[in-house]
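Hello,

Here is the structure I promised to pass on to you. Please have a look at it first, and then read my notes below.

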Amino acid sequence: MDGSTVLLVIVLLFVLLVIVSVVKAVQIIPQAQAAVIERLGRYQRTQTPGLAFLVPFIDRIRARIDLREQVVSFPPQPVITQDNLTVNIDTVVYYQVLDPKAAVYEINDYIVGVEQITITTLRNVVGGMSLEGTLTSRDEINDKLRGELDKATGNWGIRVGRVEIKSIDPPPSIQESMERQMKADREKRATILTAEGQRESAIRSAEGQKQAQILTAEGRKQAAILEAEADRQSRILRAQGERAAQYLQAQGEAKAIEKVFAAIKAGRPTPEL
């Protein structure tokens with residue numbers, strides 16, 4: 001290998017070294033992310049979104065942290081209630097990293113830490129409740145879980161926004177008993193509603209019959225009044241007709257007597273006649 005070839009190899013290696021150095025020196029941090037940068041193994045700074053310039057082979061990105069609100073769902077955990085019944089509770093935690101440095105250096109894996117605190121707090125809270133209280137106190141359990149998680153994760157640079165219980169599964173025997181009780185309650189409510197409907201129907205039927213009887217009596221009363229009024233008017237009219245007939249008869253007889261008397265007078269009868 002002659003001298004020119006050696007020089008060319010050296011130049012190529014130098015160019016490659018420069019390219020690698022430039023690639024390592026310039027990093028792009030996407031929006032809603034932060035990069036924890038170390039220099040010679042020690043924390044140097046937290047890089048915000050945008051261009052990050054590093055010293056090649058001296059600086060390195062230890063971790064990239066997503067600053068958006070995250071959702072993590074934990075598998076169902078067996079929890080014993082106050083009345084010694086085991087229920088499986090499935091939880092969902094909404095959290096956000098506020099301090100990337102603390103999230104990287106204060107705990108090895110903050111997701112595992114959140115999960116363990118959730119399980120421990122859940123067992124403490126539910127352990128003081130009965131099964132019925134556990135099934136009806138989701139909001140209370142959520143608030144207590146969130147308070148404990150937020151208190152513990154504050155040192156890790158994490159804010160817990162919400163904790164939701166997805167499901168509470170009691171033992172199969174308890175589920176069957178609850179289903180039978182719910183079925184009995186539904187049948188009881190159906191029986192009560194049927195009885196109420198029959199009672200309402202009977203009341204409405206009685207009211208209808210009462211109204212019908214009242215209307216019938218009112219009709220008979222009105223008919224009797226009208227019949228009596230018609231009979232009275234008929235008698236009045238008959239009496240008036242009889243009186244008018246008698247009056248006319250009397251006038252006719254009077255006229256007849258007058259004519260007879262006038263005829264007798266006109267004939268100039270003798271005293272003897």
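Arginine 204 is exposed, with a relative accessible area of 59%. Its partner is glutamate 200: the two side chains form a salt bridge, at 3.4 Å from N to O. Glutamate 200 is partly exposed, at a relative accessible area of 34%. Both residues belong to helix α6, which covers residues 172-266, and they sit four residues apart, about one turn of the helix. Before you go further, please keep in mind that this is a predicted model.

Helix α6 holds another pair of this kind. Glutamate 229 and arginine 232 are three residues apart in that helix, again about one turn. Their side chains meet in a salt bridge with an N to O distance of 2.7 Å. Glutamate 229 counts as partly exposed at 35% relative accessibility, and arginine 232 is partly exposed too, with a relative accessible area of 37%. Elsewhere, salt bridges with shared partners link Glu38, Arg60 and Arg62 into one network.

How many salt bridges are there by this rule? The count comes to eleven, and one of them joins aspartate 90 to lysine 166, where the closest N and O atoms are 3.7 Å apart. Is aspartate 90 buried or exposed? Aspartate 90 is buried, because its relative accessible area is 11% and the cut-off for buried is under 20%. Lysine 166, on the other hand, is partly exposed, at 46%.

Leucine 40 is in the loop between β2 (33-39) and β3 (42-47), and its phi is near 55°, a positive value in a residue other than glycine. Leucine 40 counts as exposed, with 68% relative accessibility. Asparagine 84 is in the loop between β6 (70-80) and β7. The phi of asparagine 84 is also positive, near 60°, and this residue is not a glycine either. At 66% relative accessibility, asparagine 84 counts as exposed. Why point these two out? Most residues other than glycine have a negative phi.

Best wishes

Notes. Residues numbered from 1 in each chain as written. Predicted model: local features only at pLDDT ≥ 70, side-chain atom pairs only at ≥ 80, totals over all residues. Heavy atoms only, no water. Salt bridge = Lys/Arg side-chain N within 4 Å of Asp/Glu carboxyl O. Buried < 20%, exposed > 50% of the residue type's maximum accessible area, 1.4 Å probe, protein only. Helix = DSSP H or I, 4+ residues; strand = E, 2+ residues; numbered from the N terminus.
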